[in-house]
Amino acid sequence: MGGGPLNERPPYFMTGYLIRRILLLGLTLLGLSVLVFIISRVVPADPARLAAGPDATEEMVQKLRKEFRLDDPLPIQYFAYVRGIFQGDLGRSIRTRRPVIEDLARYYPATLELVLFSLFLASIGGILIGTLSGVYHGRWIDQLSRLIAVAGVGMPDFWLALMLQMWMALKWKLLPSGGRLGFQTPQPIGITHFFLLDSLLTGNWRTFVEALRHILLPAISLSFPAFASLARLTRAEVLDVLSAEFVKTARAKGLGEGVVIWRHMLRNALIPTTTMIGLRFGWMLGGTVMVETVFNWPGLGLYAVQSATFADFNAIMGTTLLVGLNFALANLLVDLLYGVLDPRIRYD
C-alpha cells in the first residue's frame with residue numbers, strides 16, 4: 001500500500017491486493033489452527049473422562065474417546081480436523097454433544113452484538129472527547145479527558161464489570177445484573193439474531209427497551225478501555241493536524257470553525273484512529289470472557305470458559321478460529337477504508 005494520485009489507479013486497482021490479503025488470511029488461520037491444536041493437546045486433562053463424569057467406568061470413557069477419535073495419533077487428528085474445516089465441519093463438542101458450528105451459530109450473535117454496541121459507544125465517545133480535547137488543548141475539558149483516558153487504560157474490564165454490577169444492578173437496582181433479556185420478556189423474531197436490531201425491525205419496543213437495559217452494563221465495561229485509547233489517539237492526531245498548512249489555509253479562506261474541524265481536520269486525523277478501531281474490534285471480540293462471565297452473557301466468551309473447563313478441544317479450536325477470522329477481516333476492512341478517508345492512498 002503506498003501513496004499516489006487518485007488518477008493513477010488502474011480500473012481494478014484492488015484486485016491483486018485483495019487476492020494477496022485473502023491468501024495471507026488463509027495462511028494465518030492455518031498457522032493459528034496448528035498453534036491452538038498443539039496447545040490444546042498438551043494440556044494435562046482427559047476430555048473423555050471429564051465428559052463422561054466422575055462415576056463413569058473405564059469402558060464408558062474408552063467408548064467416548066473412540067467416538068471423538070481422541071485415541072488417534074495427533075497428526076491424524078489434526079489432518080482430519082483440517083479436512084473437516086474445508087467441508088464446513090468443525091467437529092462435535094464433547095460437552096454439548098452438538099456440532100461445534102451449531103454452537104458457534106448460537107452463541108456468536110450475542111457476542112457480536114455486544115462487541116459492536118460496545119465499539120459504537122467507544123468510537124463515538126472516544127472520537128468526540130479526543131477531538132474536543134485536542135481543539136480546546138489545555139482547558140478543563142482537556143484535563144478531564146486525559147484523566148478519564150489514563151483511568152480507562154489502567155482499569156481492568158472485569159473489575160469495572162464487577163463494580164458496575166455491584167452498584168448499578170445489585171445496590172441501586174437501576175439496571176439488570178445479567179443475561180440478554182428478562183425471564184418474562186419474549187425474544188424477538190430472529191431476523192439478524194441481534195436482539196436490539198430485531199426488536200426494532202419488528203416494532204417490538206418492550207423487548208428493545210429490555211435488551212437495551214441488559215446490554216448497557218456489559219457494553220460499558222467492555223468499551224471503557226477502548227474509549228480511553230481512542231480518546232488519547234484522537235487527541236494526539238488532532239493536535240498534530242491543527243498545525244497543518246491545509247487547516248491554516250481553510251481558516252484563511254474564511255471557513256467556519258466547525259467546517260474546518262469536522263470536515264477538513266477530523267477526516268485526516270481519523271486515519272490512525274480507524275486503524276485503532278479495527279484492532280479494538282478484534283481485541284474486544286477475543287476479550288469478552290471476563291465480562292460475559294460476570295454478566296452471564298450467553299456469548300462466545302462464556303462458551304469458551306465452559307469449553308475450557310471440560311477440555312473441549314473442538315469447541316476451543318472453533319471459537320479461536322472464528323475470533324481469528326473476525327480479527328483478520330476487521331483489519332482488511334480498515335485497510336480498505338483508508339482509501340475512503342484519503343483518496344491519495346493506493347493499493348499496489
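Guide: A residue counts as buried when its relative accessible area is under 20%, and as exposed when it is over 50%. The model here is predicted.

Visitor: Which residues of H4 are buried?

Guide: On helix H4, the buried residues are Gln-77, Tyr-78, Tyr-81, Val-82 and Gly-84. They cover an arc of only 160° around the axis, so they sit on the same side of H4.

Visitor: Which exposed residues does the face turned away from the buried side carry?

Guide: That face of H4 carries Pro-75, Phe-79 and Phe-86, which are exposed.

Visitor: Now a loop residue. Where does Arg-180 lie?

Guide: Arg-180 is in the loop between helix H7 (157-171) and helix H8 (195-201).

Visitor: Is Arg-180 buried or exposed?

Guide: The cut-off for buried is under 20%. Arg-180 has 11% relative accessibility, so it counts as buried.

Visitor: What does Arg-180 touch, leaving out residues up to four places away in sequence?

Guide: Its contacts include Pro-109, Ala-110, Glu-113, His-193, Trp-297 and Pro-298. With Glu-113, the contact is polar and joins side chain to side chain at 2.5 Å. With His-193, the backbone oxygen lies 3.4 Å from a polar atom of the Arg-180 side chain.

Terms used:
Residues are numbered from 1 along each chain as its sequence is written. This is a predicted model: local features need pLDDT of at least 70, side-chain atom pairs count only at pLDDT 80 or more; totals for chains, interfaces and linings use all residues. Side-chain values use heavy atoms; hydrogens and water are left out. Buried means under 20% relative accessible area, exposed over 50%, partly exposed in between (1.4 Å probe, protein chains only). Helices (H or I, at least four residues) and strands (E, at least two) are DSSP runs, numbered from the N terminus. The arc is that of the directions from the helix axis to the C-beta atoms. Contact means heavy atoms within 4.5 Å. A polar contact is a pair of N or O atoms within 3.5 Å; within protein, one must be able to donate a hydrogen and the other to accept it, and residues adjacent in sequence count only if both atoms are side-chain atoms.
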